[in-house]
Amino acid sequence: MTGLSLKEIRKSYGSVDVLHGIDLEIKQGEFIVFVGPSGCGKSTLLRMIAGLENITGGDMYIDGQLVNDVPPSKRGIAMVFQSYALYPHMTVYDNMAFGMKIAGENKQEIDRRVRAAADSLQLGKYLDRLPKALSGGQRQRVAIGRAICRNPKVFLFDEPLSNLDAALRVATRIEIARLNEQMADTTMIYVTHDQVEAMTLADRIVVLSAGHIEQVGAPLELYERPANLFVAKFIGSPAMNIIPATIAEAGSTTTVTLTGGKSVALDIPTAASEKGKSASFGVRPEDLEIASGDAYLFEGEVSIVEALGEVTLLYIEGLVPGEPIIVKLPGTIDIKKGQKMRFSADRQKLHLFDAEGRTYRR
Ligand SMILES: Nc1ncnc2c1ncn2[C@@H]1O[C@H](COP(=O)(O)OP(=O)(O)OP(=O)(O)O)[C@@H](O)[C@H]1O
Ligand SMILES: [Mg+2]
């Protein structure tokens, strides 16, 4: 059975088009993450799935049923927001039980579900407390628990962890991953700006930009085989280095000339007609290494050293003025600002995009 099916979904506010025809099939039990720049339409799409925004065009199906005109309460969906919106005068228990009480569930069933949700979120000992006596992370877990109690078919999260500090984010992220395992049949759709959350939680990531889908795929698929320049730059941190280039030789392998004049051979085929065209050459910061021997990809001068302990980031000036190449090296290394260095990369790890930003596939 299909979990969720979006066909040509459009949204306009007055004359402003926000979503331009979203097609997406989501399987039951899948964990889908929406990412994209601020304002690209992630929350709008989530709210349309929840039924909190009407649909300007297209069709939406949940479990095979057309839900365009089905009210939120009848969709079998629960949503957790960035601001947890708990009732301040109610205990944790009552906050979690409230929706079921309104729905007229019997007391025993309410109690069973509240305790089960509290158990799975490690909230058991806080059931009698008021929200003001909880930390931010605990409050967000109550909001998640309240949603679990509704026994949803589809669970929507809109940046649920963005108000939490770094340590709580990690802890709560792990709770959500565990929850996803326990609720294997429940479809989850999760919006985040956090790369680690997207990469670790998602079965598939949907990359959105300006109201359309750029690519849908498993996290590592997007990382290793981005469909275009937008996805290549969006997935991965720090972002992929992009260097303007010209295609010097096309064929079963391709040679490009980078800005600055250096020639680079890539194991990527291009059609003969591509010769002479402008392109973008890409290499991820973590795929660069200090060159040993005479062969190198580029050279430049270290302008900034960021020692993060686990990794060292180097900003190298020399190719495109004012646009340093970022190099991410493991561990701590003794490198000084002003040092001249050469870097190389495995040929398999190089990327090439055409003038429209589409990937030249291997
Ligand atoms: N009620 C509204 N009326 C008019 N425009 C709106 C309304 N709600 C959202 N928008 C516009 O729709 C676009 C998408 O907004 P949305 O909140 O979905 O973005 P988002 O991807 O969730 O961004 P963020 O990452 O900042 O949360 C934005 O340009 C926004 O200004
Ligand atoms: Mg949003």
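Trainee: How do you know how many salt bridges cross the interface of domain 1 and domain 2?

Mentor: A salt bridge requires a side-chain nitrogen of Lys or Arg within 4 Å of a carboxyl oxygen of Asp or Glu. Across the interface of domain 1 and domain 2 that rule finds zero. This is a predicted model, in which local features need pLDDT of at least 70 and side-chain atom pairs count only at pLDDT 80 or more, while totals for chains, interfaces and linings use all residues. Residues are numbered from 1 along each chain as its sequence is written, and side-chain values use heavy atoms, with hydrogens and water left out.

Trainee: What makes lysine 7 and glutamate 25 a salt bridge?

Mentor: Their side chains meet at 3.1 Å, N to O. The limit is 4 Å, so the pair qualifies. Lysine 7 lies in strand E1 (residues 2–13) and glutamate 25 in strand E2 (residues 16–27), 18 residues apart; strands are DSSP runs of E with at least two residues, helices are runs of H or I with at least four, and both are numbered from the N terminus. By the salt-bridge rule the count comes to 22.

Trainee: Which polar contacts does the rule find across the interface of domain 1 and domain 2?

Mentor: There are two residue pairs, both at pLDDT 80 or more. A polar contact is a pair of N or O atoms within 3.5 Å; within protein, one must be able to donate a hydrogen and the other to accept it, and residues adjacent in sequence count only if both atoms are side-chain atoms. On the side of domain 1 that touches domain 2, helix H7 (219–224) and helix H8 (229–234) each supply at least two residues.

Trainee: How much area do domain 1 and domain 2 bury between them?

Mentor: The value is about 580 Å², with 61% of it on carbon and sulfur atoms. Buried area is the accessible area (1.4 Å probe) that two parts lose on being put together, summed over both. In domain 1, Tyr223, Leu229 and Ala232 lose the most to domain 2, together 73% of what that side buries.

Trainee: Why are strand E11 and strand E14 said to pair?

Mentor: Pairing requires at least two bridges found by DSSP; E11 (residues 241–249) and E14 (residues 278–283) have six, in the antiparallel sense, and therefore pair. One of the bridges joins isoleucine 243 to phenylalanine 281 in E14. E11 also pairs with strand E12 (residues 254–258), in the antiparallel sense over four bridges.

Key. Chains are lettered from A and ligands numbered from 1 in the order in which they are written.
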